[in-house]
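Hi everyone, thanks for making time today.

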Amino acid sequence: MDITITRNPSPAEKPDPSTLGFGKIFTDHMFVMNYTAGQGWHDARIVPFGTISLHPASTVLHYGSEIFEGLKAYRRADGKVQLFRPIENIRRMNRSAERMCLPQIPESDAMEILTAFIRLEQDWVPSAPGTSLYIRPFMFGNDETLGVHSVKNAVFMIITSPVGSYYKEGINPVKIMIESTDVRAVRGGTGEAKCGGNYAASNRAGEKAEEKGYSQVLWLDGVERRYIEEVGAMNVMFKISGEIVTPRLSGSILPGITRKSCIELLRSEGYTVSERLISVDELEQAMETGTLEEAWGCGTAAVVSPIGELCYNDRKFTVNGGRIGKVTQHLYDTLTGIQWGTLADSFGWTQEI
Ligand SMILES: *Cc1c(COP(=O)(O)O)cnc(C)c1O
């Protein structure tokens, strides 16, 4: 691949790691590449980070043709930088693109772009405990017409942001509200694509939950509003009477890479993990009878996020006394150990830059 590089003439000072939040500070450069039907991808370039201009009729502004990914670069103790299962993000992005009629990027090209870009920005990967460089690849339709059709012009970009430790004061279990009015996705819709529109449609329920003191919502299926799907931007797992269960990928759930890693790790250690339908009635009963032993969300940002309280139709249930459970803690320690290189990576999940 031919990637032209225009260096930022005035690179920024690296921020104090204690001031890093999530996605507020951006690095010196960004990657941009254009797609034109008939010509394919062209003009791959790394340029100084900055605003972009769009035609007011650009497809993305009207019809929401947009997909994104999220992964992190981690600074190891030996100073080297590594990625966690980046090929999984590339494959998922191409599946999202297929669903949204956006152009795909050949896997090897996408990997080359990603590694070239992170190599250039590697000084931005922070080294304080728990910090990382969040990588946000995204793609949008950019036809300059209001006609509704699959796009003939698209833009692919990567921006990166140094992010702070998700857990500054230790791992605090979160309070989650089960949403019974709004739904996030239906089978056949866009729930399994990582697209911006899914988020726009989920904000209302999220706000309602926040007003009541909950940090995120747990979605139920869009047809019967009966089966557990996932939490905000995380997949969800439970330990019920010793069995580890997670909703199966039904077509409306985002296939998380952290979810996949939790399952593979637990199975390799001899745990049984069931991917199956879990009804809210089953969950409610497990909470009433005390057989719900642990509950946690899993996603790139938090890795693993213990759930300490669940609320369903104004009934509140405490999970594991509001404390992090053993399996949850084990998953957190093992996955973060592999990601930051303090534990051996026997799965071959990490890739040095
Ligand atoms: C990105 C995302 C996840 C988590 O996926 P990871 O690959 O583990 O980060 C879960 N649910 C939704 C809706 C998401 O957008």
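Predicted model: local features only at pLDDT ≥ 70, side-chain atom pairs only at ≥ 80, totals over all residues.

Let's begin with the ligand. Which residues come nearest to it? There are 15 residues around the ligand, and K194, Y199, E230, T258 and T300 are the ones that come nearest. For Y199, a polar side-chain atom sits 2.5 Å from an oxygen atom of the ligand. For T300, the corresponding distance from a polar side-chain atom to a ligand oxygen is 2.6 Å. And for K194, an N or O atom of the side chain is 2.7 Å from an oxygen of the ligand. How much of the ligand does the protein cover? On its own the ligand has 380 Å² of accessible area, and the protein covers 97% of that.

T258 brings us to helix 6, where T258 is among the buried residues. This helix runs over residues 257-268, so please find that stretch on your screen. Its 12 residues reach 16 Å from first C-alpha to last, close to the 16 Å expected at 1.5 Å a residue. Other buried residues here include I257, R259, C262 and L266. After helix 6 comes G270, with a positive phi near 95°.

Next along is helix 7, residues 280-289, which contains A286. Is A286 buried or exposed? A286 is buried, because its relative accessible area is 3%.

Now to helix 8, residues 326-339. It has 14 residues and reaches 20 Å from its first C-alpha to its last, close to the 20 Å expected. Helix 8 is mostly covered, with 10 of its 14 residues buried. Among those buried residues are V327, L331, L335 and I338. Just after this helix, G341 takes a positive phi of about 75°.

Finally, the surface. I52, L54 and L61 form a nonpolar patch there, and together they have about 250 Å² of accessible area. L61 belongs to helix 1, residues 59-63. Why does L61 count as exposed? Because its relative accessibility is 52%, and the cut-off for exposed is over 50%.

That's my tour, and I'm happy to take questions.

Terms used:
Residues numbered from 1 in each chain as written. Heavy atoms only, no water. Patch = residues over 30% accessible without salt bridge, like charges linked within 9 Å, V, L, I, M, F, W, Y side chains within 5 Å. Areas by Shrake-Rupley, 256 points an atom, 1.4 Å probe, with all protein chains shown as cover. Salt bridge = Lys/Arg side-chain N within 4 Å of Asp/Glu carboxyl O. Helix = DSSP H or I, 4+ residues; strand = E, 2+ residues; numbered from the N terminus. Buried < 20%, exposed > 50% of the residue type's maximum accessible area, 1.4 Å probe, protein only. Expected span 1.5 Å × (residues − 1). Near = heavy atom within 4 Å. Polar contact = N/O pair within 3.5 Å; in protein donor to acceptor, adjacent residues only side chain to side chain.
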